[in-house]
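My plan is to look up a few spots and jot down what turns up.

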Amino acid sequence: MREQLARLRRHLRNGAVIDEATARLATGLNIRPAEAAERLARMAKQSGLSLVDVALGVEHPPEPEVVAAEVPGWVRGMLEAVHASAIYITPVCDEAGRVVDFRIVAANRHATTPAGLTEDQLTGRRLLTASPGVASSGLLDDYIRAYESGEPVQRVPLEFVEVVERRVWPATLSVRAARVDEGLLVTWRTLDAEELLVTGWERAQRLAELGWGEWNLATENVLWTSGLYEMFGRNRDDPPLTLEDVSSMVVPEDLPLVDDMMRSLLEYREAVETSFRVQHRYGVRHLSVFSEPILDGDGVPVKVRWLAQDVTRTRRRERALAVAHEQATRQRRRAEEEHDLTVRLQDTIMPLRRGLVHTPGLAVGVRYLPAEELARLGGDWFKSRVLPDGRTLLAIGDAMGHGLTAASLMLQMRSGLAGLAYTAAPAGQLATWLNDLILHSNEGVTATGTAIIGHFDPSDHTFSWTSAGHPGPILVRNGRARLVEAATGTMLGAFGPVEYSMCVTPLEPGDLLVLYTDGMVERRGRDLDAGMEALVQAAHFCVGDDPEEVIDCLLGRLGGGSDDDICLMAVRVL
């Protein structure tokens, strides 16, 4: 806070320097302050110095000797009749005849500026020289406009900052100016503490949208602040509503509330707080009203007072929040229903989430871990099945997306592959057919996925496989792990007819082949290559004959922190 206050005070001092320099330049060149400010900015740009540094170099213009002018007696009399500070000023024009400043012809004995200049120090001087703050506050422009148009000016309250000798003199003023003959009569006074409180309360009422009213039950006199006029949509020239007429502005549904309020005030003689709606000319307004009866010595109500607040915007925000909450609740309910349906669908498609499957020449450990977040539940899948020709189908894949859409696509991919596999076609051909199936079954909808599809032949211990946009398997042999490199084909469902190349990987008894989905290697804030390297390093340490133990080890090292599904297959060659 100290640093902020120091910066603020430094900013005020710099502003005072610039304002005073602008007034000096305007006076010396006999131009308007706005033109002087532009010239000062150009000087700073051309010199490469800051605006404050340039302003510090602007000196006082030479001021001619002040000679007391002949002032008509009526001007003196007019000034002395004013109880506040007052001056009579006449225009100073440039060569084109424009008013650029004023000269103080006379001042009354009450005249005192915020900087402390008095009658003798003001008389005969140019206004900008005597009071540079009139430029930055906009008062000089007001005076010129009042002189040229003849329309009086009133500024109440005015937060005025005087700058004299690079010092700041702030004050809250009430200023009035009116043309009189060939000059301008200007009066001002500093608002006292009570007036500052009143003006502050008026500003607070506007900001908080408050209104105050008093009904005298004996005289029928009604007092309203401007806030109540605004709340009831009445012009200031119209009389305030009587207490009896207030109900005519209330919406019919809220009349019982107003009747109850009146009964509490007049019959039970109790203060009451209530809310109701009134029909405003610009629509319905919501009012929150605190009202109280004023009682005489016998306890009889003689006055009723209101403090009302327009809470229309608050009610609108509350309604908007309620609607948003209702929409969020419906969306959450739909998401939960979709999640339940997705889980049931996944359970139907893949009832086996973990376990050990034995096929000729292989022991296959499988594991599927769904995402923890409902919205991240995806379409990871695996397939391990012995085919009629003695080979074992090994496949793993990932349907793009999340939720029910991904689960439905996963069903297409897994079930479609299961049927196609019985054709005994090689893995590349199976991938081509599966791509066509996904592409033509989801016309008009983006449906893509990745997969590794392969066959293990127990007769020669080879794994013949193809990749459709999926990361390659990890081979662990003699305690050393490496990524099996192969050409990565196009993801499934992305394009029309696609040919997939084949890769043949010879395997030996004791080898371990690890197939996985991207949830195992992708982490927020880490690129894919780093994830692949982490998986290879983990596979160095996760050795053993039991594929399920290997999966547990890999998940223990890498499984945490994933936002996506994880699917793993650990294939041990027997």
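**Entry: a loop residue.** I started with H461, which sits in the loop between strand 15 (449-457) and strand 16 (462-468). Before going further, I noted that this is a predicted model, where local features need pLDDT of at least 70, side-chain atom pairs count only at pLDDT 80 or more, and totals for chains, interfaces and linings use all residues. Residues are numbered from 1 along each chain as its sequence is written, and side-chain values use heavy atoms, with hydrogens and water left out. For the elements, helices (H or I, at least four residues) and strands (E, at least two) are DSSP runs, numbered from the N terminus.

As a reminder to myself, most residues other than glycine have a negative phi, and most peptide bonds are trans.

**Entry: another positive phi.** A424 also goes on the page, with a positive phi of about 65 degrees although it is not a glycine. I located A424 in the loop between helix 13 (403-420) and helix 14 (427-441). A424 has a relative accessible area of 45%, so I put it down as partly exposed. My cut-offs for that: buried means under 20% relative accessible area, exposed over 50%, partly exposed in between (1.4 Å probe, protein chains only).

**Entry: a cis peptide.** Which two residues does a cis peptide bond join? I wrote down V156 and P157, with omega at about -15 degrees. P157 belongs to strand 3 (residues 153-164).

**Entry: helix 1 against helix 2.** I moved to the start of the chain. Helix 1 packs on helix 2 (residues 33-47) at an angle of about 110 degrees, and their axes are 8 Å apart. Axes here are lines fitted to C-alpha atoms, for helices over the stretch in contact, and angles run from 0 to 180 degrees between N-to-C directions. That angle makes helix 1 roughly perpendicular to helix 2. The scale I used counts angles under 35 degrees as roughly parallel, over 145 as roughly antiparallel, 65 to 115 as roughly perpendicular and the rest as oblique.

The crossing of helix 1 and helix 2 is right-handed. A crossing is left-handed if the near helix is turned anticlockwise from the far one by less than a right angle, and right-handed if clockwise. Helix 1 brings I18, A21, T22, L25, A26 and L29 to the contact, and helix 2 brings P33, A36, A37, R39, L40 and M43. Contact means heavy atoms within 4.5 Å. Sorted by class, the residues where helix 1 meets helix 2 are 10 nonpolar, one polar and one charged. The classes: Ala, Val, Leu, Ile, Met, Phe, Trp, Tyr, Cys and Pro count as nonpolar, Asp, Glu, Lys and Arg as charged, and the others, Gly among them, as polar.

I also checked L5, which lies in helix 1 (residues 2-29). L5 is partly exposed, at 35% relative accessible area. From L5 to I87 is 82 residues along the chain, and their C-alpha atoms are 36 Å apart.

**Entry: helix 15 against helix 16.** Next came helix 15 (residues 528-541) and helix 16 (residues 547-558), packed at about 135 degrees with axes 10 Å apart. So helix 15 is oblique to helix 16. Their crossing is right-handed. In helix 15, A534, L535, A538, A539 and F541 meet C553, L554, R557 and L558 of helix 16.

**Entry: cysteines.** How many disulfides does a search of the whole structure find? I got one. The criterion is a pair of cysteine sulfur atoms within 2.5 Å. C542 and C553 form the disulfide, with sulfur atoms 2.1 Å apart. The link of C542 and C553 is left-handed, at -70 degrees about the S-S bond. C542 lies in the loop between helix 15 and helix 16, and C553 in helix 16, so the pair ties together parts 11 residues apart in sequence.

Is C542 buried or exposed? At 1% relative accessibility, C542 counts as buried. C553 is partly exposed, at 26%. C567 is in no disulfide, and the nearest cysteine sulfur, that of C542, is 17 Å away. C567 counts as buried, at 0% relative accessibility.

**Entry: an aspartate.** Last, I looked up D518, in the loop between strand 21 (512-516) and helix 15. At 18% relative accessibility, D518 counts as buried. Leaving out residues up to four places away in sequence, D518 touches D398 and D564.
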